[in-house]
Amino acid sequence: MSPVQLAYEQLKAFEGRPTSAPGVGKDLVNEPMIRHWCEAVGDTNSAYQGPDAVAPPTMLQAWTMGGLSGHADRSGAYDELSGLLDSAGYTSIVATDCEQEYLRPLRPGDRITFDSVIESVSECKTTKLGVGHFITTRMDIRADGEPAGTHRFRVLKYAPAARLSKTDERSHEAAGRSSKAAERPAETAERLAETVERSPKTADQPSKTADQPSKTAERSTAPQQRRSSQQSQQSQQSQATQQPRPRRPRPVINRDNAGFWEGVRGHRLLIQRCTGCRTLRFPWLPGCNTCGSPEWDTVEASGAGTVFSYVVMHHPPFPAFTVPGAPADAPADGTGSDWTGPAVTGPDATASGAAGSGTASPYAVGLIELAEGVRMVSNIVGVPYDKVRIGMAVRLEFLRADEDLELPVFRVTEGGEG
């Protein structure tokens, strides 16, 4: 059953409407919840302990949750919008992403209040899951009446795409094989001609094996079969070693950040500088956030920096991100042994990804504060991921990912482990 096409104006009318009634956090910001959170994620930062403790910023949404009993009287426009999409055939839902902005630290004793609105509803989009609409909600969170942060959450309400039955899948596979065979008619015809030519000669020849005992025939063919199997395995191994290594996805380079990547190719880390107010900025932007001037030049970074913040990433390995011959940055407990390539770097946060070099070992991605005062995101290398700490001194170096791509990473300097 195909979904009903809804008028976009009908959906857009929901934008700006409250998703539900304003809410109040069930608990004040408190030390026990902070402690449980830190223990669960393994965060031992001293900022979250003691008399002047603050709550980890990523706990922002936790203070708004209703627990198993939920929040009463919370129905609103979101339920109405969901019902409308359900009735039109968009019955499935999947979360796609979330975004948080932190405006002030939360401290024990703060009372949390919040409200939420439907920020946007997209036009009908076609995805691999099916056709549907993206819905973004924005929650504004306050602590004792002061703005404390925002939390955006996006979902896709969609009509599931029709899936092929197993019979249809086999039919498609057979059609694909037939198509490939049809692409080689000359080769097929040639083989057929050779078979026809050999057939009469073979028919005139007496069968030598027919006069031999069957056991002798079995013994004589067995070594040939083994040799054939060994040759086949060797051929497959040879083909596997000859296959090129998957290439890492290329950074997204456009007119706004091309100068940065040109500098990286020359082993230079360039920072933009406004020629109007002389403010340094990173990542690269088309204009100055301070004075609005579109004019700028560049300053080469010295390469010195410190770890301002960091996260440890956990996910399976991907061959494209394996760096041959890279040094091992194993964790302190001795598990894992492979170095992991850069995760997110440069002025484009989607420039590159990371994964283990043949292992699912975690790796550290840091927000590096450069000596010049700006910050950038890249990998921290040179120490085990579980030894990375805020304040560590690091030094810029360039990682060769493949034959024509290098990326800036930051290595902990000697004695930087402190």
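**Exercise 1. Which residues does Arg104 touch, not counting residues up to four places away in sequence?**

*Solution.* The model is predicted: local features need pLDDT of at least 70 and side-chain atom pairs count only at pLDDT 80 or more, while totals for chains, interfaces and linings use all residues. Residues are numbered from 1 along each chain as its sequence is written, and side-chain values use heavy atoms, with hydrogens and water left out.

Step 1. Locate the residue. Arg104 lies in the loop between strand S2 (92-102) and S3. Helices (H or I, at least four residues) and strands (E, at least two) are DSSP runs, numbered from the N terminus.

Step 2. List the contacts, a contact being heavy atoms within 4.5 Å. Arg104 touches Asp110, Ala143, Glu146, Pro147 and Ala148.

Step 3. Examine the side chain. The side chains of Arg104 and Asp110 make a polar contact at 2.7 Å. A polar contact is a pair of N or O atoms within 3.5 Å; within protein, one must be able to donate a hydrogen and the other to accept it, and residues adjacent in sequence count only if both atoms are side-chain atoms.

Step 4. Buried means under 20% relative accessible area, exposed over 50%, and partly exposed in between (1.4 Å probe, protein chains only).

**Exercise 2. Describe the chain as a whole.**

*Solution.* Step 1. The chain has 7 helices and 14 strands.

Step 1. Of its 418 residues, 32% count as buried. The accessible surface of the chain is about 25000 Å², and carbon and sulfur atoms account for 52% of it; such areas come from the Shrake-Rupley method with a 1.4 Å probe, and for residues only the protein chains shown count as cover.

Step 2. Among contacts with a separation of 6 or more, 69% are between residues 24 or more positions apart.

**Exercise 3. In what order do the strands of the open sheet of 3 strands lie?**

*Solution.* Step 1. The order is S8-S7-S9, with antiparallel pairing. The edge strands, each pairing on one side only, are S8 (280-281) and S9 (296-300). Two strands pair if DSSP finds at least two bridges between them.

Step 1. Strand S7 (residues 270-274) is joined to S8 by 2 bridges. Gln272 stands opposite Arg281 in S8.

Step 2. Consider the side chains. Asp297 and Arg273 meet in a salt bridge (3.0 Å, N to O), a salt bridge being a side-chain nitrogen of Lys or Arg within 4 Å of a carboxyl oxygen of Asp or Glu. Asp297 lies in strand S9 and Arg273 in strand S7, so this pair ties together parts 24 residues apart in sequence. Both are partly exposed, Asp297 at 24% relative accessibility and Arg273 at 22%.

Step 3. Arg268 and Glu300 form a salt bridge at 3.3 Å, N to O. Arg268 is in the loop between helix H7 (258-265) and S7, whereas Glu300 is in strand S9, 32 residues apart.

**Exercise 4. How many salt bridges does a search of the whole structure find?**

*Solution.* Step 1. The search finds 18 salt bridges.

Step 1. Take one example. Glu119 forms a salt bridge with Arg152, with the closest N and O atoms 2.8 Å apart. Glu119 is in strand S3 (residues 112-121) and Arg152 in strand S6 (residues 146-160), 33 residues apart.

Step 2. Glu119 is partly exposed at 27% relative accessibility, as is Arg152 at 22%.

**Exercise 5. Which residues touch the most other members of the largest nonpolar core?**

*Solution.* Step 1. A nonpolar core is a set of buried Ala, Val, Leu, Ile, Met, Phe, Trp, Tyr and Cys residues joined through side-chain atoms within 4.5 Å.

Step 1. Of the 28 residues in the largest core, those touching the most other members are Phe260, Leu269, Val307, Ile368, Leu370, Ile380 and Phe410. At least two residues each come from H7, S7, S11 (363-370), S12 (375-381), S13 (393-402) and S14 (405-412).

Step 2. Another core of 17 residues lies apart from the largest one, with Tyr48, Val54, Ala62 and Phe114 among its members.

Step 3. Leaving aside residues up to four places away in sequence, Val307 touches residues including Leu367, Ile368, Ile380 and Val394.
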